[in-house]
Structure formats: C-alpha cells, structure tokens
Amino acid sequence: MTTRRPMIAGNWKMYKTCPEAEETAGALVQKISDAAGVDIMIAPPATALTTVSRILRDTPVDLGAQNLFWEDEGAYTGEVSGPMLVSAGCRYVIIGHSERRQYFGETDETVNRKITAALAAGLIPVICVGETESERDADKTFSILDKQMENGLKRLTADAFKPALIAYEPVWAIGTGRTATPEQAQEVHARLRSFLEKRFGAETAEATRILYGGSVKPENISELMALPDIDGALVGGASLKPDTFSEIIHYKSAS
Ligand code: PEP
C-alpha cells in the first residue's frame, strides 16, 4: 500500500510577465483553496519568482524554479544559484527538462551537478528524464532512461537523494497534445522505480514520487493518476490557465 502523497506541478516555461504571473497565481490560489491531499507547485519564469512568492504566502501552493546553476555565486553572467532561489521563496527546482537538454546543451553530467547543488541549497529537485520519439521507435526507451538516471544521480547517497522527485516526460508527448498511453506510462514508471530500488534500496524507491509529464490535461489526469506508479503530474501548457490547472488539481472529484 503506497503512502506517497500526490503532487501536481505546473511549469510555466517562458510565459507570463510579472503582472500576468501575479494575476494567474492570484486566480489559482482562489480556485484551489479547497484542494486536499495533494501537493501543488508552480514554477514561473525567474523574473516573476518574488512576485509570485508573495501571492503564494500562506497558501497550499509551493513555489518552484525552472532551472538553477550549480555554483552558489560568482562570475556566471545570466545564471541563478540555489541559495538565490531559496531567498526568492522557492521550495522546488525543475532540473533537466528536455527543453533545456535540447536547446541549452544540458547533459546528464550538468544535470548531476545541478541536482547536487539544489539538494545542498535545501531545494527539492524535480528531475526530468524521458526519451525522444526516435529513441522509443528504436526500442531504446529503457536504455536511455537507465543512462539518464545512472549519470544524473551519480555519487548521490540514498539519504541525499531522499527529498527528490522524478518526472518522466517522454519528449514526444511534451507540448504536442500526444500523451503516453496509461500502459506506456505505467511501464516506464515501474522501470524507474525498480532502477531506484537497485540504486538506493527498496525504502527510498517506495517513497520516491514519480510524476508523469506530457500533454496532461483535465481529460486524462484521472486515468493517469489511477496507475500504481504514477504519483503526480508535471504540467506545462495546461498549467498556464488557472481554470484548467485547478481542474487538474481537483482530479479526484472528476474521476
Ligand atoms: C512540461 O513542460 O513539462 C510539459 C509536460 O509540457 P506540456 O504539459 O505542455 O506537454
């Protein structure tokens, strides 16, 4: 019997100015004030973190960042560090999103450094892994994910890893309107959990929350959340509208 608490997280990507972020977060907290038994996080762009942090104070919604750099400070123009994100009110940080791997040269090695830095700063990393369409077609899904997990989690002890979450995001399902079938998602989540068991032991594997991401919407969230190894969702496009994101957060009542 699982005791993992569900989590619904929103990744706003590079959308929303400060006033827009303020308005969206304000509307969201109104709509989800009755949500129970679920952790909620939104990750606005870095410019809006402090604005949104003020709106989220004393609400059930936590703040997350979409990225961080692994040094605490220094001559790294344009980068933002873990302690800076903490000071802006962040509790979570998304690491290794496929868009960062695809457009900004992130590798399993940089992901590993970022995870280590996030944990050292006291942030909860949401670690993204996922295969491309051609990798799935070539039957390489498991080997790609094993490599991302092995290299991304290098040198981490079970104790250090404990607060982290994994997000399985098949690249072919992100922003495309295509969702993995429940069977495809469950199969991969079970594989990721068995990887965690081999790497960190059964207790950590059983306790770690594994989110699914890729065109999650109100219409498919209940079906995904019913699966035994899916503990939540990382939502992109559908998290930008408070109505839609609130519907996803209230998935249980919709099922
Ligand atoms: C994401 O950005 O992590 C994501 C899953 O996007 P979307 O929900 O839009 O597919």
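# Exercises on a predicted chain and its ligand

Buried residues account for 53% of the 255 residues in the chain.

## Exercise 1: The chain as a whole

Task. Determine which helices and strands are to be counted in the chain, and why its radius of gyration agrees with that of a compact globule.

Solution. 
1. The secondary structure consists of 13 helices and eight strands.
2. Along the principal axes, the C-alpha atoms occupy a box of roughly 50 × 45 × 35 Å.
3. For 255 residues, a compact globule would have a radius of gyration near 18 Å. The chain has 17 Å, which agrees with this expectation.

## Exercise 2: The surroundings of the ligand

Task. State how many residues surround the ligand, and to which classes the residues of this shell belong.

Solution. 
1. The ligand is surrounded by 14 residues. The closest are K13, E169, G175, S215 and G237.
2. Sorted by class, the shell contains four nonpolar, eight polar and two charged residues.

## Exercise 3: Polar atoms at the ligand

Task. Identify which polar atoms of H97, E169 and G236 lie at oxygen atoms of the ligand, and at what distances.

Solution. 
1. For H97, a polar side-chain atom is 2.9 Å from an oxygen atom of the ligand.
2. For E169, a polar side-chain atom is 2.7 Å from an oxygen atom of the ligand.
3. For G236, the atom concerned belongs to the backbone: this polar atom is 2.8 Å from an oxygen atom of the ligand.
4. The ligand taken alone exposes 290 Å², and the protein buries 95% of that area.

## Exercise 4: The contacts of R101

Task. Decide whether R101 is buried or exposed, and find which partners its side chain has.

Solution. 
1. R101 is located in helix α4, which spans residues 98-103.
2. The relative accessible area of R101 is 17%. Buried means under 20%, and therefore R101 is buried.
3. One partner is D108: the side chains of R101 and D108 make a polar contact of 2.7 Å.
4. D108 belongs to helix α5, residues 108-121. With a relative accessible area of 7%, D108 is buried.
5. D108 also illustrates how the chain folds back on itself in sequence terms: D108 and N151 are 43 residues apart in sequence, and their C-alpha atoms are 5.6 Å apart in space.

## Exercise 5: One side of helix α12

Task. List which residues of helix α12 are buried, and explain where they lie around the axis.

Solution. 
1. Helix α12 covers residues 242-249, and its buried residues are P242, F245, S246, I248 and I249.
2. These residues cover an arc of only 155° around the axis, so they lie on the same side of α12.

Conventions. Residues are numbered from 1 along each chain as its sequence is written. This is a predicted model: local features need pLDDT of at least 70, side-chain atom pairs count only at pLDDT 80 or more; totals for chains, interfaces and linings use all residues. Side-chain values use heavy atoms; hydrogens and water are left out. Buried means under 20% relative accessible area, exposed over 50%, partly exposed in between (1.4 Å probe, protein chains only). Helices (H or I, at least four residues) and strands (E, at least two) are DSSP runs, numbered from the N terminus. The arc is that of the directions from the helix axis to the C-beta atoms. A residue is near a molecule or strand if one of its heavy atoms lies within 4 Å of it. A polar contact is a pair of N or O atoms within 3.5 Å; within protein, one must be able to donate a hydrogen and the other to accept it, and residues adjacent in sequence count only if both atoms are side-chain atoms. Accessible areas come from the Shrake-Rupley method with a 1.4 Å probe; for residues, only the protein chains shown count as cover. Ala, Val, Leu, Ile, Met, Phe, Trp, Tyr, Cys and Pro count as nonpolar, Asp, Glu, Lys and Arg as charged, and the others, Gly among them, as polar. The radius of gyration is taken over C-alpha atoms; the globule rule is 2.2 Å times the number of residues to the power 0.38.
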